[in-house]
Amino acid sequence: ERMIRPFDWRDLPVLHRYRNQGICLNSALGLTRGIAISSSILISFLNPTTGNFTWITADDETPIIGQLHHPSDSTVSRIIFLAPLKRINNPRSQALIEHLSKQAGKRGAFHVLAEIDELAPAFEILRKSGFGIYARQRIWKITDEATSGKYQSKWVPIKEKHIINVQTIFHNVVPGLVSQIEHLTVKDLQGLVCLHSDSLTAFVDLKYGIHGIWAQPFVHPDVSGIDDVLHSLIASIPDRRSRPIYLCIRTYQSWLEPAIAEMESQPSPLEAVMVKRLVARKKIALQSLPNLNGQKEISAPIIHSQRNK
């Protein structure tokens with residue numbers, strides 16, 4: 001790890017060689033903005049406030065580059081990409097991934113995430129580096145406009161008055177294992193809520209980029225007329241400008257997929273959503289409480305969180 005260092009000016013010649021040789025591990029970013037390694041590194045190098053940090057192995061003529069995204073005050077980091085693809089199955093690649101994870105922990109992260117096709121070369125390296133699967137997802141590329149027709153469902157921008165209902169839907173839809181890692185931060189949520197039969201039954205998280213729009217819907221399982229809900233969603237996404245829409249459907253909402261398949265859509269292979277936990281939980285004894293009215297002293301374990309080093 002002594003030969004892994006932050007990217008700097010001496011590494012600029014590597015960018016041109018690797019511009020089309022990376023593997024993206026953040027699907028939303030890759031599909032909406034593209035995986036332009038050179039520009040992503042340069043922007044993060046010139047402007048550290050982006051929350052992107054890049055490291056490089058510097059021990060041979062074919063170094064490996066990795067980039068991490070960590071927003072300030074966040075407990076979750078994401079690996080954005082690794083490059084070049086031809087060197088992914090390499091011990092130095094594993095060392096770099098582990099280095100990225102340690103850097104995430106130093107910045108306050110409890111979890112590091114990566115999204116990848118299980119048949120991709122980097123999957124086994126992530127496994128060896130301590131990543132495990134906690135969810136799976138399929139990305140559906142929607143190419144039709146779906147702007148005509150009358151819909152019973154109405155999608156409107158998320159507002160403060162919707163927060164409680166949005167949180168309720170999130171916890172009804174998302175399994176506990178997933179919600180422990182992916183917290184719903186309502187104040188940063190950009191998207192729409194669905195008013196269906198006079199009640200709020202779904203919401204969608206939207207991310208925009210020059211190449212497309214990422215939409216991750218959360219639909220209450222009791223909703224009726226799912227075809228209407230999904231078609232009206234596609235028709236209601238603002239500022240589309242003919243860009244494709246990428247619907248991210250987790251396997252715990254796979255019941256949405258038959259309706260999506262009937263649209264003009266193209267499914268991706270199933271992706272593994274992986275996590276490396278940087279927090280070890282350990283029990284410590286609680287200091288004994290004083291006697292109350294002659295009762296016995298009470299002690300109980302409590303849970304403390306501590307980052308792995």
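D205 is buried, with a relative accessible area of 14% (buried means under 20%, exposed over 50% and partly exposed in between, using a 1.4 Å probe and protein chains only). This is a predicted model, where local features need pLDDT of at least 70, side-chain atom pairs count only at pLDDT 80 or more, and totals for chains, interfaces and linings use all residues. Residues are numbered from 1 along each chain as its sequence is written, and side-chain values use heavy atoms, with hydrogens and water left out.

**View A. D205 pairs up with K207 in a salt bridge.** The N to O distance here is 2.9 Å (a salt bridge is a side-chain nitrogen of Lys or Arg within 4 Å of a carboxyl oxygen of Asp or Glu). While D205 is buried, K207 is partly exposed at 37%.

**View B. E257 and R138 join up through their side chains.** Their salt bridge spans 3.4 Å, N to O. It ties together distant parts of the chain, 119 residues apart: E257 sits in helix α9 (residues 257–261) and R138 in strand β7 (residues 132–142). Helices (H or I, at least four residues) and strands (E, at least two) are DSSP runs, numbered from the N terminus. E257 is buried, at 17% relative accessible area, whereas R138 comes out partly exposed at 22%.

**View C. R241 meets D239 in a salt bridge.** The closest N and O atoms lie 3.2 Å apart. R241 is exposed, at 62% relative accessible area, and D239 is partly exposed at 46%.

**View D. R5, D8, R10 and D11 form a salt-bridge network.** For the overall tally, the structure holds 10 salt bridges.
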